[in-house]
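Hi,

Here is the structure I promised to pass on. My notes on it follow below.

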Amino acid sequence: MPPPAGPTLQLDRVSRRYGDTLALDGLSLTVPSGEIVGFVGSNGAGKTTAMRIALGILAADDGQVLWDGRPAERDLQRTFGYMPEERGLYPKMQVGDQLRYLAALHGFDAAAARESTDRWIDRLGLADRAGQNIEELSLGNQQRVQLGAALVHEPDVLILDEPFSGLDPIGTDVMSDVLRERAAAGAAVVFSSHQLELVERLCHRVAIVDAGRLVASGTTEELRSRRSGVRLRVDVDGGGEGDWAESLAGVTVVAGDDGAVVVELADGVDDQAVLDAARRAGPVRAFAPVQPSLAELFREVIGR
């Protein structure tokens, strides 16, 4: 079933300087309702600055934030759900009190704040910790409470900065499931992460930023289709570390392990000619295309 149609969050050619440092350089980013967008880049690439501008915490020097094609007003941006990378909770406040307080700040009456808080505490696996102070929780459980704080007012836009940091595998599964549920319910979800295998598994689309500029975006399959060269994994008994492939024009050995090698074919190279050369070297046990991971695509796109 396709995700629900709805408004789109856009950063339109946004720029921001800190003194002599250009943090964002005409960056454009699109986050449709009903989708999860992974926002990835190296440290200092501009991800957090872009998120804070989307939220109205920072002002852009140039460009604008749009919602449904119109400039996003400050009052609207205050309704967005935000999960910062740094801890943003009151450490001496109990979990339940914290979430009820935040729901009330967003205009919920006491009954609605209590209902929403109880529901999210249960959904995030925190029911037995609702009466504990935030500072008494593990880092992983604090991270779950931070997600609850971003969700307790049921936002249409959810912006999360490194939400999986400090989570164990069970916590990661809970976080992933909740983000999928919010997108399925029609929310526009964007999160940054250095855990690219999670981004690849979870996101509808990926946006790669480098030095404050968007350098690639699309589904992982779209990013794969744009790269040049085809890669094959070839396993040859007695084939060494790919010696048989070294003399083939337009073929480069990019990895090897005990007879199995990954070779990259330049445009126009016939894969059947590669198979014939492998057969001459010995019995071929495996011959199959290799799909680059998002981490490999990321390294190729940013060039380091």
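**Sheet and helix packing**

Glycine 38 has phenylalanine 191 as its bridge partner in β8. This is a predicted model, in which local features need pLDDT of at least 70, side-chain atom pairs count only at pLDDT 80 or more, and totals for chains, interfaces and linings use all residues. Residues are numbered from 1 along each chain as its sequence is written, and side-chain values use heavy atoms, with hydrogens and water left out.

Strands β3 (residues 36-40) and β8 (residues 188-192) pair in the parallel sense over four bridges. Pairing requires at least two bridges found by DSSP. Helices (H or I, at least four residues) and strands (E, at least two) are DSSP runs, numbered from the N terminus.

The open sheet has six strands, ordered β6-β7-β8-β3-β9-β10, with mixed pairing. Its edge strands are β6 (81-83) and β10 (213-218).

Two helices lie across strands. Helix α5 (residues 139-151) lies across β6 and β7 (157-161), at about 160° to β6. Helix α11 (residues 294-302) lies across β3, β9 (205-210) and β10, at about 35° to β9. Angles run from 0 to 180 degrees between N-to-C directions, with axes fitted to C-alpha atoms, for helices over the stretch in contact.

Now a helix pair. Helix α3 (residues 95-105) packs with helix α4 (residues 110-123) at about 130°, their axes 9 Å apart. Contact (heavy atoms within 4.5 Å) involves residues including Leu99 and Ala103 of α3 and Thr117 and Ile121 of α4.

Best wishes
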